[in-house]
Amino acid sequence: MNGFHLPPYARTMGMEVDHVEDGGVPVIAMDFAGRVQGRPGFLHGGAIGGLLEMAAHAALRAELDRQGSAFRIKPINISIEYLRGGVEERTFARGEVIRAGRRVANVRVEAWQGDRTRLVASSWMNFLLAPPKEN
Amino acid sequence: MSKDEKAAGLMKTIMPEGFVFDPERGARWFTRAGHTGFLGMEYHDHGEDWIELALPWREDLVGVEETGVLASGPIISLLDNATSMSVWTRQGTFNPQVTLDLRIDYVRAATPGKTVIARAECYQVRRSMAFVRGIAHDGDISDPVAHTAGIFMLVSSEGWAKP
């Protein structure tokens with residue numbers, strides 16, 4: 001991942017690259033703490049959303065790196081399904097690039113905790129691809 | 001005290017009998033701690049079925065270091081909270097609910113340094129679901145930063161929160 005580094009928001013929230021899976025796709029993780037808590041004992045939906053977006057970004061950056069593309073990535077939209085309450089555990093998220101075209105990329109993202117088959121949230125996200133700025 | 005008794009006690013604290021949800025006090029209570037407190041969300045304004053929350057810009061919430069543009073994550077959180085509170089504002093009471101789905105369109109990047117305001121409206125409540133929509137802007141609502149539509153599931157208070 002030459003092109004991807006976690007921005008200040010992600011570091012503030014305690015997100016980190018947990019590991020990189022085959023194919024170069026990073027899994028982003030976030031520990032439970034007061035800063036990500038919504039109602040008592042559960043993860044805040046916005047914190048889950050932020051983690052999903054970061055994993056989507058990371059997966060797309062990895063895919064663009066693989067293609068040798070230095071295009072910039074801008075979020076267009078996201079739709080999140082909350083499947084079950086996130087509990088006081090470490091949360092993981094991984095994105096899958098469905099298509100990276102010339103102008104738009106479509107990414108699916110999932111978040112889970114202890115058991116990868118029991119998803120906490122599922123989402124799709126679209127990105128606008130923009131040529132790198134001329135210096 | 002058993003876990004259930006603790007949970008019931010927590011619900012009573014949040015919602016004593018005859019409780020009327022005051023959006024301003026409620027919003028201040030819900031933004032005092034946890035994720036909302038950490039992000040620095042604030043109550044801004046409300047009406048019969050809408051509420052506004054504000055999120056002041058902060059360097060450590062930036063998503064693009066080179067430009068200082070706020071990350072979209074805090075905007076999801078802001079819209080999630082504002083839409084959630086719009087349901088209680090419309091109902092005039094507090095009922096446990098969870099986010100079923102939330103869709104957000106990022107219309108443009110938020111202006112670095114500016115406070116983002118989310119105006120959220122609950123436009124219908126059915127027996128199991130509350131339907132919401134909202135706009136995030138940084139000073140001019142006709143020039144939005146983001147637009148959202150979502151659905152909350154109304155749930156029983158049992159197990160809703162863990163004291």
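I count a residue as buried if 20 or more other C-beta atoms lie within 10 Å of its own, as exposed if 12 or fewer do, and as partly exposed in between, with C-beta atoms placed from the backbone. This is a predicted model, in which local features need pLDDT of at least 70, side-chain atom pairs count only at pLDDT 80 or more, and totals for chains, interfaces and linings use all residues. Residues are numbered from 1 along each chain as its sequence is written, and chains are lettered from A and ligands numbered from 1 in the order in which they are written.

**Entry: A:Arg66 and its helix**

I looked up A:Arg66 and found 14 C-beta neighbours inside 10 Å, so A:Arg66 counts as partly exposed. A:Arg66 sits in helix α2 of chain A; helices (H or I, at least four residues) and strands (E, at least two) are DSSP runs, numbered from the N terminus. A:Gly24 is 42 residues from A:Arg66 along the chain, yet the two C-alpha atoms are separated by 8.4 Å.

I then checked the helix as a whole. Of the 23 residues of α2(A), 20 are buried, so α2(A) is largely enclosed by the rest of the structure. The expected span of a helix is 1.5 Å times one less than its number of residues. For α2(A) that gives 33 Å, and the end C-alpha atoms are 33 Å apart, which agrees. Just after α2(A), I noted a positive phi of about 75 degrees at A:Gly68.

**Entry: the sheet**

I traced an open sheet of twelve strands, with antiparallel pairing, in the order β1(A)-β2(A)-β4(A)-β5(A)-β6(A)-β3(A)-β5(B)-β8(B)-β7(B)-β6(B)-β2(B)-β1(B). Two strands pair if DSSP finds at least two bridges between them. The edges are β1 (15–21) of chain A and β1 of chain B; each has a single partner strand, so one side of each is left without a neighbour in the sheet. Neighbouring strands are turned by 25 degrees against each other on average, direction ignored. Axes here are lines fitted to C-alpha atoms, for helices over the stretch in contact, and angles run from 0 to 180 degrees between N-to-C directions.

At the chain B end, I found β1 (residues 42–46) joined to β2(B) by four bridges, antiparallel. A hairpin of three residues links β1(B) to β2(B), and B:Tyr43 stands opposite B:Leu53 in β2(B). Strand β2 (residues 50–55) of chain B is mostly covered, with five of its six residues buried. β2(B) also pairs with β6 (residues 116–125) of chain B, antiparallel, over six bridges; there B:Trp50 has B:Glu121 as its bridge partner. Further along, β5(B) and β8 (residues 146–154) of chain B pair antiparallel over nine bridges, with B:Val98 opposite B:Met153.

**Entry: where the chains meet**

How many residues does each chain give to the contact? I read 28 from chain A and 32 from chain B, where two residues are in contact if their C-beta atoms, placed from the backbone, lie within 7 Å. On the side of chain A, the elements that give two or more residues are α1 (8–12), α2 (45–67) and β3 (72–82). β3(A) gives the most, eight residues. That side of chain A divides into eleven nonpolar, 13 polar and four charged residues; Ala, Val, Leu, Ile, Met, Phe, Trp, Tyr, Cys and Pro count as nonpolar, Asp, Glu, Lys and Arg as charged, and the others, Gly among them, as polar.

The sheet crosses between the chains at β3(A) and β5 (residues 97–106) of chain B, joined antiparallel by five bridges. A:Ser79 has B:Arg103 as its bridge partner.

**Entry: helices of chain B**

I found 19 of the 20 residues of α4(B) buried, so α4(B) is largely enclosed by the rest of the structure. α4(B) lies across β3 of chain A together with β1, β2, β5, β6, β7 (129–137) and β8 of chain B, at about 40 degrees to β6(B). Just after α4(B), B:Gly92 takes a positive phi of about 70 degrees.

The axes of α2 (residues 23–30) and α4 (residues 72–91) of chain B come within 10 Å and cross at roughly 145 degrees. B:Pro23, B:Gly26, B:Ala27 and B:Phe30 in α2(B) meet B:Asn81, B:Met85, B:Trp88 and B:Thr89 in α4(B). I sorted the residues of this contact into five nonpolar, three polar and no charged.
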